[in-house]
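Thank you all for coming. Today I would like to walk through one structure, starting with its charged side chains and then turning to one of its sheets.

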Amino acid sequence: MIPKPVSFTRGEGSIVFDGTVDVRPYDGPPESYRLTVGFEGVTVEAADAAGEFYARQTLRQLSGPDAFRAAPIGGPPTLPVCVVEDRPRFAWRGLMLDVARHFLPKPDLLRYVDLLAVHKLNVLHLHLTDDQGWRFESKKFPRLHEVGGWRPSSRYGDRRRGGQTGRPHGGYYTQDDLREVVAYAAQRHITVVPEIDVPGHSQAAIAAYPELGVSGGGVWTDWGVNPNVLKADESTVDFYRQVFDELLDVFPSEVVGLGGDEAEGGDGRFVCRIAQHLAQRGRRPFGWDEVLGVGPLPTRTVIASWRGEDPGLTALGRGHDVVMCPEEHVYLDYRQSDREDEPIPVGTVLTWEDVYAYEPAAADEVLGAQANLWTEHLDSPRRLDYAAFPRLCAFAEVVWTPVSADPDRSRNPDEFRSRLAEHHLPRLDALGVEYRPLSGPRPWQVLPGVPGHPR
């Protein structure tokens with residue numbers, strides 16, 4: 001699967017590619033490039049370093065599935081003679097990865113950076129804290145990760161059935177681990193956007209420092225919305241200012257997440273004060289769309305519109321930048337079919353066809369879009385792969401290539417399915433991605449007996 005470019009011209013014949021690329025400047029918008037494959041060799045004209053990187057990704061795509069293996073296993077690839085002129089549709093092409101509910105070890109997190117790069121996605125939004133776990137090392141307040149980083153058990157399947165695994169779960173990233181992830185991502189032109197969630201989804205922090213919460217309790221072993229929230233007093237806000245200062249020392253991203261979602265009974269002033277603190281530090285606060293109702297926000301706050309697209313449109317009207325991520329279109333933890341053997345069937349049915357059909361509202365005005373991968377029911381890299389792919393492939397094309405009035409370049413699910421089967425799934429095989437086959441789950445991908453709650 002090669003995302004449909006702005007312009008693709010196929011020539012006659014092909015060449016054997018020896019790996020040599022002539023790189024030249026290109027007069028185009030950021031991240032754009034022109035790739036020319038001819039009998040005289042391969043030329044990449046790039047507007048910037050990101051454009052060159054994406055051109056080289058396209059060269060990998062043209063080279064066949066073996067180009068995605070960790071080491072060469074055959075001879076030089078054969079490339080078609082062609083000219084590709086390409087540029088991305090959105091500046092923000094992201095994936096939110098929830099490492100709080102289930103911790104993802106660093107090697108697997110780095111692997112996901114690589115998978116984003118393959119799909120020309122450029123934002124990794126890390127959800128680092130929640131009721132069920134705190135994953136960011138705090139040197140000022142070490143109990144956050146030492147106590148908040150572990151829980152004694154986890155809900156077994158959907159919370160309405162009452163089951164528990166009885167198995168401890170936890171882990172955290174050191175600050176140097178995260179600096180490594182940031183540097184690794186930057187080499188692939190991916191920005192890592194961290195998120196520490198306030199004032200709700202904070203039970204792990206409250207377990208570590210009970211004085212922070214309205215009430216006490218341990219690290220949560222359930223899923224859903226925990227009614228316990230952070231106090232809005234000055235001492236708690238100041239505690240979090242210091243935590244965010246540590247976060248800013250690790251993450252250079254201009255945009256920094258502060259959560260703000262599902263805080264039933266939470267005091268909106270908490271979010272406003274943290275947002276102001278981030279703005280004073282030269283960063284842009286990034287919050288879920290509930291923050292639109294908490295009070296005055298810095299004008300440069302970025303809104304993640306997840307409860308449909310209407311909140312995003314409201315945010316645009318108030319002058320905020322918007323990242324569209326509506327749950328009904330891009331929540332990749334939702335079930336992929338209505339089959340009885342779909343593992344842990346939660347949420348509404350969201351097929352790759354549904355994701356491919358998504359067209360962000362106000363596309364000419366928003367900053368971009370992201371897919372969200374929540375991990376209550378995704379407890380391993382294999383489960384992540386199954387939930388993410390091939391739906392993330394479909395999403396990558398939505399955010400890279402605009403819809404065209406030209407019927408030859410319009411979004412055609414049958415044509416996309418053909419490209420998936422013929423080209424892209426073999427690349428995922430070469431990468432070792434345990435995606436969901438188009439025909440349904442493999443025998444070892446089902447989870448019989450684990451209760452879900454389909455909507």
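The structure holds 32 salt bridges, a salt bridge being a side-chain nitrogen of Lys or Arg within 4 Å of a carboxyl oxygen of Asp or Glu. Please keep in mind that this is a predicted model, in which local features need pLDDT of at least 70 and side-chain atom pairs count only at pLDDT 80 or more, while totals for chains, interfaces and linings use all residues. Residues are numbered from 1 along each chain as its sequence is written, and side-chain values use heavy atoms, leaving out hydrogens and water.

Glu-342 lies in the loop between helix 9 (327–330) and strand 17 (346–347), and Arg-436 in the loop between helix 13 (413–431) and strand 19 (453–454), so the pair ties together parts that are 94 residues apart in sequence. Here helices (H or I, at least four residues) and strands (E, at least two) are DSSP runs, numbered from the N terminus. Are these two residues buried or exposed? Glu-342 is buried, with a relative accessible area of 3%, and Arg-436, at 9%, also counts as buried, where buried means under 20% relative accessible area, exposed over 50%, and partly exposed in between (1.4 Å probe, protein chains only).
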